[in-house]
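Thanks for coming. I have one structure to go through today, so let me put it on the screen.

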Amino acid sequence: MNTSQLHKFHLNKFIKEYCQLQGVEKRVLFSKRRDRKLVEIRMVLAFFLRNRIKLGWSEIGRIMNRGHASIIHYDKKLEIYLSVYPHLQRMFKSTIELFKSYQHLIENETDIYSQLLLDNNILKEKIEQNER
(Lines give C-alpha, C1' and ligand atoms only; values in the text may rest on other atoms or scores of the structure.)
Protein backbone atom coordinates (compact mmCIF):
# COMPACT_ATOMS: atom_id res chain seq x y z
CA MET A 1 0.00 0.00 0.00
CA ASN A 2 1.60 3.26 -1.10
CA THR A 3 1.43 6.54 0.83
CA SER A 4 -1.53 7.85 -1.15
CA GLN A 5 -3.51 4.63 -0.58
CA LEU A 6 -2.60 4.65 3.11
CA HIS A 7 -3.71 8.29 3.39
CA LYS A 8 -7.06 7.46 1.73
CA PHE A 9 -7.47 4.45 4.01
CA HIS A 10 -7.03 6.55 7.17
CA LEU A 11 -9.15 9.35 5.73
CA ASN A 12 -11.99 6.93 4.93
CA LYS A 13 -11.69 5.41 8.38
CA PHE A 14 -11.84 8.88 9.96
CA ILE A 15 -14.95 9.76 7.93
CA LYS A 16 -16.61 6.46 8.84
CA GLU A 17 -15.98 7.02 12.55
CA TYR A 18 -17.09 10.64 12.22
CA CYS A 19 -20.40 9.47 10.76
CA GLN A 20 -20.82 6.98 13.61
CA LEU A 21 -20.04 9.70 16.14
CA GLN A 22 -22.69 11.95 14.59
CA GLY A 23 -25.21 9.13 14.24
CA VAL A 24 -25.58 9.37 10.47
CA GLU A 25 -24.82 6.95 7.65
CA LYS A 26 -22.11 8.03 5.25
CA ARG A 27 -24.39 7.57 2.23
CA VAL A 28 -26.99 9.85 3.85
CA LEU A 29 -24.39 12.47 4.83
CA PHE A 30 -23.11 12.63 1.25
CA SER A 31 -26.59 12.52 -0.29
CA LYS A 32 -28.42 15.51 -1.76
CA ARG A 33 -30.55 15.91 1.37
CA ARG A 34 -30.45 19.38 2.90
CA ASP A 35 -31.80 18.81 6.43
CA ARG A 36 -30.29 21.34 8.79
CA LYS A 37 -28.73 18.62 10.94
CA LEU A 38 -27.03 17.04 7.91
CA VAL A 39 -25.79 20.42 6.68
CA GLU A 40 -24.26 21.14 10.09
CA ILE A 41 -22.58 17.72 10.20
CA ARG A 42 -21.20 18.36 6.70
CA MET A 43 -19.94 21.79 7.74
CA VAL A 44 -17.90 20.40 10.61
CA LEU A 45 -16.49 17.56 8.50
CA ALA A 46 -15.58 19.96 5.69
CA PHE A 47 -13.79 22.21 8.19
CA PHE A 48 -11.65 19.32 9.44
CA LEU A 49 -10.89 18.07 5.95
CA ARG A 50 -9.79 21.56 4.88
CA ASN A 51 -8.14 23.02 7.97
CA ARG A 52 -6.75 19.97 9.76
CA ILE A 53 -6.11 17.44 7.00
CA LYS A 54 -5.27 20.19 4.47
CA LEU A 55 -7.26 18.88 1.51
CA GLY A 56 -8.16 21.21 -1.35
CA TRP A 57 -11.66 22.64 -1.91
CA SER A 58 -12.32 20.49 -4.98
CA GLU A 59 -11.00 17.32 -3.38
CA ILE A 60 -13.28 17.82 -0.37
CA GLY A 61 -16.16 18.49 -2.75
CA ARG A 62 -15.51 15.19 -4.55
CA ILE A 63 -15.33 13.30 -1.26
CA MET A 64 -18.54 14.87 0.05
CA ASN A 65 -20.46 14.84 -3.26
CA ARG A 66 -20.66 18.65 -3.26
CA GLY A 67 -19.30 21.45 -5.38
CA HIS A 68 -16.23 23.29 -4.16
CA ALA A 69 -18.35 26.44 -3.65
CA SER A 70 -20.46 24.61 -1.05
CA ILE A 71 -17.31 23.59 0.79
CA ILE A 72 -16.02 27.18 0.80
CA HIS A 73 -19.42 28.33 2.09
CA TYR A 74 -19.31 25.75 4.90
CA ASP A 75 -15.83 26.88 5.89
CA LYS A 76 -16.80 30.57 5.99
CA LYS A 77 -20.03 30.06 7.92
CA LEU A 78 -18.90 27.54 10.51
CA GLU A 79 -17.06 30.05 12.69
CA ILE A 80 -20.17 32.25 12.90
CA TYR A 81 -22.43 29.30 13.63
CA LEU A 82 -20.08 28.01 16.33
CA SER A 83 -20.39 31.32 18.17
CA VAL A 84 -24.20 31.04 18.17
CA TYR A 85 -25.16 27.36 18.45
CA PRO A 86 -24.04 25.35 21.51
CA HIS A 87 -24.96 22.03 19.88
CA LEU A 88 -22.48 22.82 17.08
CA GLN A 89 -19.82 23.64 19.66
CA ARG A 90 -20.36 20.19 21.22
CA MET A 91 -20.21 18.52 17.80
CA PHE A 92 -17.00 20.39 17.00
CA LYS A 93 -15.38 19.43 20.32
CA SER A 94 -16.26 15.76 19.90
CA THR A 95 -14.79 15.88 16.40
CA ILE A 96 -11.58 17.37 17.77
CA GLU A 97 -11.27 14.37 20.08
CA LEU A 98 -11.86 11.95 17.21
CA PHE A 99 -9.38 13.81 15.01
CA LYS A 100 -6.68 13.59 17.69
CA SER A 101 -6.71 9.80 17.36
CA TYR A 102 -5.98 10.13 13.60
CA GLN A 103 -3.84 13.27 13.57
CA HIS A 104 -0.46 11.59 13.96
CA LEU A 105 -1.26 9.02 11.24
CA ILE A 106 -2.44 11.59 8.73
CA GLU A 107 0.29 14.14 9.50
CA ASN A 108 3.01 11.49 9.24
CA GLU A 109 1.68 10.39 5.86
CA THR A 110 1.51 14.01 4.69
CA ASP A 111 5.13 14.57 5.79
CA ILE A 112 6.25 11.44 3.92
CA TYR A 113 4.37 12.51 0.81
CA SER A 114 5.86 16.02 0.96
CA GLN A 115 9.36 14.59 1.33
CA LEU A 116 8.82 12.29 -1.65
CA LEU A 117 7.69 15.25 -3.77
CA LEU A 118 10.75 17.23 -2.71
CA ASP A 119 13.06 14.29 -3.46
CA ASN A 120 11.36 13.86 -6.83
CA ASN A 121 11.98 17.51 -7.73
CA ILE A 122 15.64 17.20 -6.75
CA LEU A 123 16.00 14.12 -8.95
CA LYS A 124 14.31 15.90 -11.88
CA GLU A 125 16.80 18.78 -11.57
CA LYS A 126 19.74 16.37 -11.53
CA ILE A 127 18.44 14.57 -14.63
CA GLU A 128 17.98 17.88 -16.44
CA GLN A 129 21.54 18.93 -15.50
CA ASN A 130 22.95 15.63 -16.76
CA GLU A 131 21.08 15.97 -20.05
CA ARG A 132 22.68 19.37 -20.78
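Start with N65, which sits in the loop between α4 and α5. The helices I name are DSSP runs of H or I with at least four residues, strands are runs of E with at least two, and both are numbered from the N terminus. Phi of N65 is near 60°, a positive value in a residue other than glycine. At 38% relative accessibility, N65 counts as partly exposed, because buried means under 20% relative accessible area, exposed means over 50%, and partly exposed lies in between, with a 1.4 Å probe and protein chains only.

K54 is in the loop between α3 and α4. Its phi is near 70°, a positive value in a residue that is not glycine. K54 has 62% relative accessibility and so counts as exposed.

A word on where this comes from. This is a predicted model, in which local features need pLDDT of at least 70 and side-chain atom pairs count only at pLDDT 80 or more, while totals for chains, interfaces and linings use all residues. Residues are numbered from 1 along each chain as its sequence is written, and side-chain values use heavy atoms, with hydrogens and water left out.

Now the overall picture. The protein has 6 helices and 0 strands. Of its 132 residues, 33% count as buried.

What touches what in the core? The largest nonpolar core has 32 residues, and F14, Y18, L29, V44, L45, L49 and M64 touch the most other members. By nonpolar core I mean a set of buried Ala, Val, Leu, Ile, Met, Phe, Trp, Tyr and Cys residues joined through side-chain atoms within 4.5 Å. α3 gives the most to this core, with 9 residues. Take L45: leaving aside neighbours within four places in sequence, L45 is in contact (heavy atoms within 4.5 Å) with F14, I15, Y18, L29, F30 and M64.

Helix α3, residues 36–52, and helix α5, residues 68–84, pack at an angle of about 105°, with their axes 9 Å apart. Axes here are lines fitted to C-alpha atoms, for helices over the stretch in contact, and angles run from 0 to 180 degrees between N-to-C directions. That makes α3 roughly perpendicular to α5, a label that covers 65 to 115 degrees. The contact includes V39, R42 and F47 of α3, and I71, Y74 and Y81 of α5.

Conventions:
Angles under 35 degrees count as roughly parallel, over 145 as roughly antiparallel, 65 to 115 as roughly perpendicular and the rest as oblique.
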